[in-house]
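Visitor: I am new to this structure and would like to learn how to read it. Could you take me through a few features, please?

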Amino acid sequence: MIRKQIVIATSCLMGVMILSSPGPLHAQKEANNWYFPNRRAITFESGKPKVIINNSMTNNEGATTISSSDGKLQIYSNGQKIWDRHGRPVPAGRGLLGGESSTTAALLIKKPGTTYFYYLVTTQDYFTDSSRLCYSILYVDPVSGNITVSNKNTILLRSSSEKVTAIDNSAADGSWVIAIDWRIGRIVSFALSDSCISDIPVISDSVYANYDDPEGRDKMGVMKASMDGKYLAVAVLHSGEVSLYDYNSNHGYADFRYTLHLDDNMHPYGLEYSLSGRYLYASCLDLENGHSKIYQYDLSLENVNDVKAKTRLVAEYSDRRIHYGLLQLGPDGKIYHPFKGDSLFGIIEHPDKLGDSCGYHTEVFPIYEGQSKDSFNSYSLPAFKQSIFNPMRFTHNNACIGTSSVLKISDLLKCDSIRWFFNDSLSPGATDTGRVVEYLFSSEGRYWVDAIAYREGTTDTITQRVTVYPQPRVHAMNDTSITRNNTVRLRCQVESGREPYLYYWSPVDRLDDPYASSPMASPDSSTVYHVVVTDLTGCVTEDSVFVDVVEEPSISCVTAGHDSVYADRHYEQFIPDPLHLSYTVTNTGTVTLTGCEASIILPSEFTLAGTDSTQSFTAPEYANEQGGPVAEGSILPSASCTRWWKIIPTQAIADTAPKQIRWQWTSDQQGTQSGCERTMYLVPDQLQSIVLTPLHLYFEAEHGGPLPSEQHVQLWTGGGLVMPWTAQPSEWWLDAQPTSGSQSTQISVQPNSTLLDAGAHGADLLFATTPTDRHVAITYVIRKSTGIESPAAPGALTLDAWPQPVAAGAWLHVRIGGEAGGSCRLTLHDLLSRERLTRYAETASPVVIDLGALQLPTGVYLLRAVSANGAQATRMIALTGGR
């Protein structure tokens, strides 16, 4: 029973290579393409070798090639340089330490458990001082084919040879890299895994022949493991020997078996096994006499003398200019070798047949333009990991949990029927027959899978370990929207997989890099972007994001509210105070705006009064509006929203220059931008007399009870102007302090008695000044102490004025409504509370005021009527230009 471990990843490849339904993949196809020195190359894509013309290698010796599991060329190298599948030299691949004439200058090995990573092992020429064994790690982009190089020229052995080979590690998921440590003359095996190559090798006890040759000529020649990992053969070129070892692929240990000595002057160079591993072939050179020979050895014989006795010479060639080269098994089961110095190719048709029955013959390698026979100056064919050609194995597509595994017995294995045992908890027994089967494992993990091959009454059991990996999951960003001619960065997060991840976004149009994890997209229409992520094991996951491309958002804005403030010439008093300003925004575009807000930006002459500088805008805002309500900060297309701010003047006002009130607008779709502006005009007014506010005070007290609290009247004289004045109450029961002055001050007013008759009492506080006296009306209500009788309420007044508005030079008609015959004081005040007119009139009697005689400027005025018992009425009057 042969135990091997094979890693399963997934059935899909990235990008344009995604398969809608998985099919069987063949490990032998990794050797489908051969690129070797002197620009020669062949492909086995059709099952038969065919010459291809795109090889750039021009060295004489040493090469390696590897293809994908479906037979597509990935990499080729001569140990000094690397070329990608397009034949392009890889810049980072220059300067590798492989020797120009080393037998196995390079060997490519796929990194276990991965799809696009490879180890490149190199050896140096035997005559160099060190003959180091090194490795580098290569990554092949599955779509572009670009190759990244890392861990370049990492040293495994500081003194080795031109010999290196590789075989499956039967005890772990990985391979053995087998070489010779020339310092101690021992065969060593390095364990290669999905994470690294161990720098501590397994050292075999067997001593390699003539390792102490001072010229190191036995470093030349090939070393090869058999495909099934049972044997290791070494061509000891200068000594003329072939050494055979039993190899333990579980532990990486070589045990010496025997040495086969060749005829005089024959030096072994190339080695290869038949598919069954029974026969070993050796190509040998007699450089002195110009002879080349190929021998066949029967490894089924235990005794070395029996092997020697039954050795067969299957090919011989005599020409000093032409020699046999390396031997290499092909994907078709035949063994090939080149001729150094000629365009011939040697072929062993049936390697598992004895002697002449093996069918050795030669064919001409086609010569293409620019070549001649003399240009075929190489012994080499590409080196491969030997397990690729093992017929006693099955291959499978990569799989992760939830993906069926497709398993296939090697085409090189001859059998009548197959039975499969997957040893899964859901299917512990035989579950299927046939060379190709499909199976879905129940869970992630490792499984020993047995394939029993039946042929002519005999059975062979192939046991391999299959690893089913967890399914990675990718989560693309939330759906989003952008405006036309804008960009958005696509993002995603991956979990549960094994890094590194490969990304592919589609459609690729208008993406800056479809292979980036977060590409920048600039779609010209609404697009669904799909992202396909492949992890280290080849498992695939995908998701999508919708990018809605919308028209450029647009708004209109309008400001309203106060646009003027009236001030005295010393900017001490302002009307109105506070001012109210509004900002209205209408969504004139086709996109719903979110995150909408506006911030007021005030000049130093104004400050906020009880409102926030930034307010959120929402429309429709209420359920009774069409389409509403919407989330706060959102405005639907064609909807409008208005917000109000309250501001007051500050002491920073020092001139009458217009002040600009600005707003800053912000939305998620538009960002932050400047909004509309509103100009605030300051209208100065030259004070010609004192100004009082308020113009009416109201007191209330209980008869015989405590006095009511004092109240205050503010008196302005215009910023420090000298305006002499006196204050004189019209009634004995009213006090005012101070009673005289010449500058702005505050007057305390308070009744001095509560012994008045119950009811309403009126008084007038007269301010005598030049040029016009001013008045403040006083109402004092006395309640009876018993609380039984209610005080008489002042009679209600009404006040009508027409026409409205009225021209500043026209007649204004006024009528005071109330008890007939009652006398009222009628005053007209501007917005600075200054009296512009005082007249006494009877209720129910019409009054005509000649506005032209008053010479009032246009604006808004307050008309007030106060009766003797304290009742009053007011009305706003608007004066316009004209007569």
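**Strands, a threonine and cavities**

Guide: Let us start with a pair of residues: Thr 43 has Lys 50, in β4, as its bridge partner. This is a predicted model, in which local features need pLDDT of at least 70, side-chain atom pairs count only at pLDDT 80 or more, and totals for chains, interfaces and linings use all residues. Residues are numbered from 1 along each chain as its sequence is written, and side-chain values use heavy atoms, with hydrogens and water left out.

Visitor: How many bridges join strand β3 to β4?

Guide: Strands of a sheet pair through backbone hydrogen bonds, either parallel or antiparallel. Here two bridges join β3 (residues 40–43) to β4, and the strands run antiparallel. Strands are DSSP runs of E, at least two residues long, numbered from the N terminus; two of them pair if DSSP finds at least two bridges between them.

Visitor: What is the order of the strands in this open sheet?

Guide: The order is β2-β3-β4, three strands with antiparallel pairing. At the edges are β2 (33–36) and β4 (50–51), each pairing on one side only.

Visitor: Is Thr 769 buried or exposed?

Guide: Thr 769 counts as buried because its relative accessibility is 10%; buried means under 20% relative accessible area and exposed over 50%, with partly exposed in between (1.4 Å probe, protein chains only). Thr 769 belongs to strand β61 (residues 759–769).

Visitor: Which residues is Thr 769 in contact with, leaving aside its neighbours within four places in sequence?

Guide: They are Ser 689, Ile 690, Pro 724 and Trp 725, where contact means heavy atoms within 4.5 Å. Ile 690 is 79 residues from Thr 769 in sequence, yet their C-alpha atoms are 7.5 Å apart in space. The Thr 769 side chain also reaches the backbone oxygen of Pro 724 at 3.0 Å.

Visitor: How many cavities of 30 Å³ or more does a search of the whole structure find?

Guide: Rolling a probe the size of a water molecule over the atoms shows where empty space is left. The search finds three such cavities. A cavity is a set of points, on a 1 Å grid over the protein atoms alone, where a 1.4 Å probe fits but cannot get out; lining residues have an atom within 4 Å of a point.

Visitor: Which residues lie nearest the centre of the largest cavity?

Guide: Of its 20 lining residues, Thr 104, Val 222, Lys 224, Gln 328 and Ala 383 lie nearest the centre.

Note on methods
Helix = DSSP H or I, 4+ residues; strand = E, 2+ residues; numbered from the N terminus. Polar contact = N/O pair within 3.5 Å; in protein donor to acceptor, adjacent residues only side chain to side chain. 1 Å grid on protein atoms, 1.4 Å probe; cavity = no way out; pocket = protein on both sides within 12 Å on 5 of 7 lines; lining within 4 Å. Points joined across faces, edges and corners; volume = space filled by probe spheres on them.
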